Amino acid sequence: MALLEWQGLKEKLGLRPQTEIREIGTGPGVKCEKCAEVLMRVDFESNLHVCPLCDHHHTIGALDRIRFTLDYETFQPQDEDLAAIDVLQFNGIETYTQKLENARRATGITDAMVSGTGKLKGREVALGVTDARFMAGSMGSVVGERFVRLVDTAIERHIAMIVFSGSGGGARMYEGLFSLMQMAKTSAALTRLDEARLPFISVSTQSTMGGVWASWAALGDINIAEPHARIGFTGPRVIKTTINAELPEGFQSAEFLLQHGQIDMIVHRRDMRDWLADILDKLMGDK
């Protein structure tokens, strides 16, 4: 599998790689967040940030996702200059402006979605990836606008669109109705993509929740999930408190959703690139 090396992407985006895994000091070891086994970093990274012992799929940043998915040095970012503003003048322990700045410093990206075009086994695609490290991957006005502009790019170039969602934060509360309206905005944009007879493949990863799952993430022509990804509208404790009922075990897991027909398939991270390429070959025909 040809992978987009980090250095090439770093030069294009001016960003740094991200890994949500606890380091053991400054040495070569990392600790799995599920089984707690200490792993050799080289084994962990060569296995695409999946624990080789328990097969837990660790959350990865948008830039790692891009290099795991696209051909070497083919990604071209777009709309990086879009930036959120504190339209509601949100005040708390930190202002919204401060939260945004902290998230940018921590992740090296400007908002929770990185979008652009690149090649997947030689086929050009429009690719968007949300990053859980930027305010839980939540969808605000910038994320919604980048999504819609990515739809425009796909239609203009007559290419398929793929979006990886890792948006446990759902719609971003700090933008109020401005974030909630992105649900309708992105859904309407997908209607235009459908009218252009172009496929949208939605991949849900750990976690895909709230307004993101209630809009674009559930609207793929093909809906895929990574193993054991948590997917749903609101958390189980809130649901249980609201309806005062016992919930089925694992009801928000990818496996439960597959069993009940809400997603089409579960694909291991190591196989994702091949599966996406095969699906696009069937949906789009010759390159």
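1. A contact here means that heavy atoms lie within 4.5 Å. Residues 24 or more positions apart account for 69% of the contacts in the chain with a separation of 6 or more.

2. The model is predicted, so local features need pLDDT of at least 70 and side-chain atom pairs count only at pLDDT 80 or more, whereas totals for chains, interfaces and linings use all residues. Residues are numbered from 1 along each chain as its sequence is written, and side-chain values use heavy atoms, with hydrogens and water left out.

3. The overall dimensions come next. For 287 residues, a compact globule would have a radius of gyration near 19 Å, and the 18 Å of this chain agrees with that; the radius is taken over C-alpha atoms, and the globule rule is 2.2 Å times the number of residues to the power 0.38. Along the principal axes, the C-alpha atoms fill a box of roughly 50 × 50 × 40 Å.

4. Of the 287 residues, 51% count as buried, where buried means under 20% relative accessible area, exposed means over 50%, and partly exposed lies in between (1.4 Å probe, protein chains only). The accessible surface of the chain is about 13300 Å², and 52% of it belongs to carbon and sulfur atoms; such areas come from the Shrake-Rupley method with a 1.4 Å probe, and for residues only the protein chains shown count as cover.

5. The chain has 10 helices and 12 strands. These are DSSP runs numbered from the N terminus: helices (H or I) have at least four residues and strands (E) at least two.

6. An open sheet is formed by 7 strands in the order E4-E5-E6-E7-E8-E10-E12, with mixed pairing; two strands pair if DSSP finds at least two bridges between them. Strand E4 (76-77) and strand E12 (265-266) are the edge strands, each pairing on one side only. Strands of a sheet pair through backbone hydrogen bonds, either parallel or antiparallel.

7. Strand E5 deserves a separate comment. Of its 8 residues, 7 are buried. E4 and E5 run antiparallel and are joined by 2 bridges, with proline 77 opposite glycine 116 in E5. E5 and E6 also run antiparallel, joined by 8 bridges, and glycine 116 stands opposite leucine 127 in E6. E5 and E6 form a hairpin with 2 residues between them, and lysine 121 in the turn has a positive phi of about 50 degrees.

8. Strand E6 (residues 123-130) pairs with E7 in the parallel sense over 5 bridges, and glycine 128 stands opposite valine 163 in E7.

9. The aromatic pairs number 5. Rings of Phe, Tyr and Trp (its six-membered ring) pair if their centres lie within 6.5 Å; planes under 30 degrees apart count as stacked, over 60 as edge-to-face and the rest as tilted. Tyrosine 96 and tyrosine 174 form a stacked pair, 5.6 Å centre to centre with 15 degrees between the planes. Because tyrosine 96 lies in helix H4 (residues 96-107) and tyrosine 174 in the loop between strand E7 (160-165) and helix H6 (177-195), the pair ties together parts that are 78 residues apart in sequence. Tyrosine 96 is buried at a relative accessible area of 0%, and tyrosine 174 is buried at 16%.

10. Phenylalanine 147 and phenylalanine 200 form an edge-to-face pair, 6.0 Å centre to centre with 85 degrees between the planes. This pair links helix H5 (residues 141-157), which holds phenylalanine 147, to strand E8 (residues 200-204), which holds phenylalanine 200, across 53 residues. Both phenylalanine 147 and phenylalanine 200 are buried.
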